[in-house]
Amino acid sequence: MTLSQRLMGLILALTMTGVGLGCGSQPEPQVTASGESGSYRDLSRRNLHATAVDDLYLSPLQLLSSRDGHTLYVACEGTDEILLVGLPGHRVTGRIKVGRQPFGMLLSDDGDELYVSHRWDDDVGIIDLRSREMVARIPVGEDPHGLAQGSAENEIYVVNLGTDDVSIVDTDSRREVRRLGAGNAPFGIAAVADGRMFLSSQYSNPAAFRSPPALELTVIDGEAGIVRERRPLPGTVIGQGIAADPRGRFVVTALELPKNLLPQTQVYQGWMVTFALAFSEVLAGGRTALLLIDEPQQYFADPYDVAFAADGGRLFVTSSGVDVVTVIDVDAAANVLQMRAGRIGLNDESIRRLARDLGASSAYVEARIPTPANPKGLALAADGSRLYVACRLADQILVIDTEALTVIDSIDLGGPEQVTRLRQGARLFHFASISFQQQMSCNTCHPENNVDGLVYDIAVDGGMGRNLVDNLSLRGLAETAPFKWTGKNPNLQRQEGPRAAQLFFRTHGFNADQNEAIVAYIESIPQRPNRHRRAAGLTPEQRRGKQQFERQRDNLGRYIPVGNRCVTCHPQPFGTDRRRHDIGSRAAHDRNGVFDTPHLLNVYERPPFLHDGRCWSLEEIWTQHNPADTHGATNDMNKGQLNALIEYIKTF
Amino acid sequence: MRLGRTSAALGLLLMTLGRLPAAAELEMSLLYVQAPLTTSSGEQIVLRLPGGERRVLTPDFAAAADPCVSFDGQQVLFAGRRRTTDGWEIWRMQADGSNKRQVTVDMADARGPVWLAPAAVNAPNFDDRIEWITFTSTAKGVWDERQRAPLANLYAMSLAPVGERPFVLWQTTYGLGGDRTPTVLADGRVLFASWQRQGYGLMTISWAGENLNPFYGSHDGLLSQLSPVELPAPSRDIIFVEATGDAETEGGRLAAVSMRRPLHSWRLLADDGAYRTPAALPEGGLVVAWRGSDTSSFGLYEFDLRAGRGTVVVDDPAWHEFQPVPLVPRSTPRGRIPTVDFASVLDVEGFKQAGQLQCLNVYESDRAERSGILAGSIRRVRLVEGVPLPILNPADSVALPESTADLLWPPAHVQTRSLGEAPVEADGSFYVNVAGDRPFYLETLDENGGVLGAMRSWMWVRAGDQRGCVGCHENKELTPENRVTEALRRARPMSLVGDVLPAEEAP
């Protein structure tokens with residue numbers, strides 16, 4: 001598969017850096033033990049591209065306002081800190097070092113403690129705000145994101161994106177007391193008045209091959225501590241921020257409506273992707289309607305966070321891919337939905353049509369407020385008069401008057417003024433101006449540098465419906481050239497340069513300088529900590545799997561030719577021989593059956609699998625799609641052996 | 001338009017001194033065209049400097065018009081002819097009128113040149129961006145569908161070699177009604193006026209001719225919209241002239257649509273007198289040609305969009321002044337790598353001459369809904385090619401009454417032939433390979449081959465391009481459904497690229 005295919009947007013093809021060739025010395029992988037959260041190997045080329053300045057960018061991502069209105073807490077993923085900004089002075093008054101990749105924040109009832117989720121450490125830190133020190137860390141699920149106060153005073157909910165679940169944490173005993181299932185990669189959480197929790201999810205639940213994706217809105221009964229509803233949101237992916245209407249009518253989630261099942265022949269008329277807000281009724285068994293925030297000739301890519309004004313009259317959305325805060329007139333939106341007594345009055349057909357109507361936004365989009373680079377998290381001041389916007393790639397907090405909808409200040413958090421090559425690349429990656437009518441950024445299809453979990457019909461090399469390719473992650477691909485599933489693109493410069501511009505963005509793409517910057521950025525994207533690779537070494541099952549991976553004879557004693565052993569095509573450390581092979585996976589829609597060998601780094605993070613994404617689990621690759629042992633000799637394995645093999649593969 | 005305090009009369013007085021007044025404080029140089037009142041030719045391009053001094057830049061031409069300033073403000077494209085018997089060709093010169101060079105050769109009448117964004121077509125790296133222009137031309141030597149005038153279509157041309165070719169010249173529109181007054185939008189698309197049965201409507205294409213789409217204007221309306229111009233950001237409003245007659249030469253009312261929602265934001269700016277050829281000023285204002293009555297001459301006025309009033313810039317009663325162009329640098333529009341010709345994305349033998357077309361759902365159509373076509377009733381679709389008539393004698397131009405000539409479909413002065421038929425699946429989808437760069441319309445057929453509906457306009461697919469349609473005359477604000485069509489599940493398009501049937505009237 002080509003980069004373009006994988007990276008779907010521009011970087012589609014970026015899956016592997018085609019580098020290799022003459023790009024200087026390869027950095028030694030940095031292996032770091034990290035306790036329970038797994039070990040971390042930096043297989044990127046960041047050391048080749050980064051300067052000392054790059055370590056100083058703060059990259060504010062999430063915000064939280066104190067109840068007394070005197071402090072704004074800022075989670076900075078760049079420096080692993082929580083910054084304290086004094087209000088209304090708008091100056092940084094303190095910095096607290098926390099765990100890796102801080103994200104969600106929540107204040108204790110008495111306001112004396114701040115809970116912070118650490119995405120790379122798989123725990124929640126408790127900060128004593130009087131001493132400004134971390135006093136405890138509570139292990140939770142993997143990749144924790146959003147936090148919310150539970151029904152009980154001593155109970156908080158932690159959304160675990162990596163394990164698709166929610167941890168209920170007792171803050172008195174400082175331990176997790178229960179785990180509830182959620183959708184695929186849950187992201188945000190919002191509580192409504194009756195104590196129920198609504199969870200957004202980032203990825204679609206498994207769907208049939210060539211069928212639309214569907215996020216899940218998970219509804220938890222906070223009193224009973226059980227999941228009450230699992231509402232599907234058909235046609236959606238990348239649900240992130242979520243907020244509850246103060247008037248109790250609906251919860252709103254920011255998300256994308258991809259068009260991945262269509263041949264990627266054009267951009268015009270929302271042909272590639274559109275962006276929307278899901279208005280879901282708060283009432284039990286509620287229905288959901290999707291309101292586009294785009295316009296017929298312009299798109300507002302990558303909506304991230306949402307926040308209601310205190311009176312519920314306005315809804316603020318960070319359109320992070322176009323550097324805009326979109327302001328929604330909530331009553332106007334409710335009118336469009338024909339809301340009555342907490343119910344959406346539109347019939348199902350009208351709801352379906354509304355989700356496609358680019359003109360509808362003229363009825364409810366009240367304003368578009370420009371921001372510095374990459375607006376992400378939102379927080380409303382305690383008195384509701386100000387909206388704070390974390391501008392991640394500008395190291396600034398924008399302050400907006402929520403009545404006048406004017407920008408009244410921009411708080412400089414103190415990051416470097418210099419824009420390094422990596423910073424330039426990051427901004428380009430996250431800015432949709434690269435695409436026609438600003439319909440998509442690289443981030444659109446590669447949120448958090450990963451994937452959207454979709455299969456795209458790239459439509460070239462044989463025509464429409466003839467080139468279905470699974471999108472691939474950008475994490476850790478620096479040393480895994482060539483790119484594209486066909487392996488045709490030797491390097492990232494080619495892949496995310498002209499090919500992506502011609503096939504996806506429908507513009508002229510990046511210029512030479514920009515192209516080098518974005519390639520440097522992509523080559524610097526690290527793997528996340530591998531939760532299956534422990535610092536102490538392989539588990540017994542993983543060791544058994546390694547034997548299967550490297551075996552020379554099958555269970556019947558038959559010799560396995562070298563070319564049909566797992567280890568031959570997927571050698572350490574990257575899990576790819578960087579060559580093309582025919583593993584018998586050609587389908588009727590494929591033009592040929594020879595594909596580039598994908599790397600295996602953190603492979604568990606990025607389903608679906610195989611070149612056309614036909615498998616939602618690693619098991620299916622061999623139990624469903626390897627009938628003739630053409631993708632390695634595996635059919636003699638018993639269930640335990642196959643499970644062990646998979647457990648080993650997850651350690652790459 | 002209400003006039004400001006500085007009147008046209010003042011302009012007349014000062015003009016006799018060889019200078020025109022800077023009545024409106026236009027602190028920039030301006031190009032415009034002046035034409036005699038009494039003849040249909042003899043246009044000249046004039047440079048007006050800040051303060052009012054003016055100079056004819058094209059004294060060595062029998063006629064010159066349609067100036068377009070390059071993005072750096074240094075060069076000017078224009079249409080000109082050395083002798084009155086020559087056809088119009090495209091020329092370029094420095095902004096001071098020096099170094100004139102002919103750009104096109106033997107393009108019959110080439111008019112309306114527009115600078116396009118620099119673009120590369122050198123696959124696979126696409127790293128050699130060169131200058132391109134677009135213009136209209138009657139080079140094909142055929143009649144338009146009304147046989148009233150030679151058919152004018154849009155062309156794109158490189159101003160530098162491409163590989164071993166000294167230049168590339170592409171025809172980019174293939175409609176048979178005629179195209180006029182192109183302009184380039186900030187997003188890189190070409191916005192132009194295209195004849196749609198009874199009037200000119202505004203359409204967009206990519207600079208290389210991909211993605212034909214309506215922008216504003218109805219296939220059914222008698223009103224024409226011409227001479228569109230986009231105001232700079234943040235406004236991005238599109239200003240144009242609207243009239244039932246020839247709005248380009250006779251003028252019409254001034255109207256606008258918002259780029260935010262062009263199909264539903266029409267508003268009247270002014271309808272007193274007659275306006276023509278608006279141009280955007282760098283700070284968002286407008287300069288436009290205007291006259292108060294049919295008997296007066298067109299002059300140039302700076303138009304206050306908020307107040308709806310104009311202030312004279314140039315108005316010489318002995319001349320028509322029109323086609324104003326500020327001689328200033330401006331933003332370069334978005335470039336785009338094309339998908340056609342040698343940059344084709346269709347890596348399949350034979351597709352250099354063919355394109356692909358998929359329609360997601362023929363029932364997604366306001367026409368089908370209005371005519372009560374039931375889901376499942378459309379079994380096939382027929383592609384009917386339009387073949388224009390050659391111009392054997394320019395005097396053969398005909399002028400049938402509007403009411404009869406323009407309501408006929410297919411038009412009376414176009415031959416048609418079937419390119420073939422393709423099955424329509426139960427979900428309303430079809431998928432064809434189609435001969436590229438040919439105008440055609442679609443007919444939907446029932447199980448007996450009866451025609452249920454037919455397009456009333458021309459479409460095409462550029463050779464080497466792929467095109468998707470949401471529906472047939474659907475609401476253009478609707479995005480496509482995200483689903484795999486039944487036609488696509490077959491993964492093999494119906495091929496309509498073989499030998500076409502002999503030319504004949506369509507059934």
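Mentor: Two residues are in contact if their C-beta atoms, placed from the backbone, lie within 7 Å. Keep in mind that this is a predicted model.

Trainee: How many residues of chain B are in contact with chain A?

Mentor: By that cut-off, 40 residues of chain B are in contact with 44 residues of chain A. Strand S25 (354-359) and strand S31 (466-469) of chain B each supply at least two residues of the side that touches chain A. The largest share, three residues, comes from S31(B).

Trainee: What makes up the side of chain B that touches chain A, by residue class?

Mentor: That side of chain B divides into 17 nonpolar, twelve polar and eleven charged residues.

Trainee: Why is chain A called as compact as a globular protein of its length?

Mentor: Start with its elements: chain A has 13 helices and 34 strands. For 652 residues the globule rule gives 26 Å, and the radius of gyration of chain A is 24 Å, which is close to that value, so chain A is as compact as a globular protein of that length.

Trainee: What share of chain A counts as buried?

Mentor: A residue is buried if 20 or more other C-beta atoms lie within 10 Å of its own. Of the 652 residues of chain A, 60% count as buried.

Trainee: Which domains is chain A divided into?

Mentor: They are domain 1 (3-53 + 421-523) and domain 2 (540-649). In chain A, 28 residues of domain 1 are in contact with 21 residues of domain 2. On the domain 1 side, strand S32 (residues 468-470) of chain A gives the largest share, three residues.

Notes: Residues numbered from 1 in each chain as written. Chains lettered and ligands numbered in written order. Predicted model: local features only at pLDDT ≥ 70, side-chain atom pairs only at ≥ 80, totals over all residues. Helix = DSSP H or I, 4+ residues; strand = E, 2+ residues; numbered from the N terminus. Nonpolar A, V, L, I, M, F, W, Y, C, P; charged D, E, K, R; others polar. Domains from an automatic or database assignment. Rg over C-alpha atoms; globule rule 2.2 N^0.38 Å. Buried ≥ 20, exposed ≤ 12 C-beta atoms within 10 Å, placed from the backbone.
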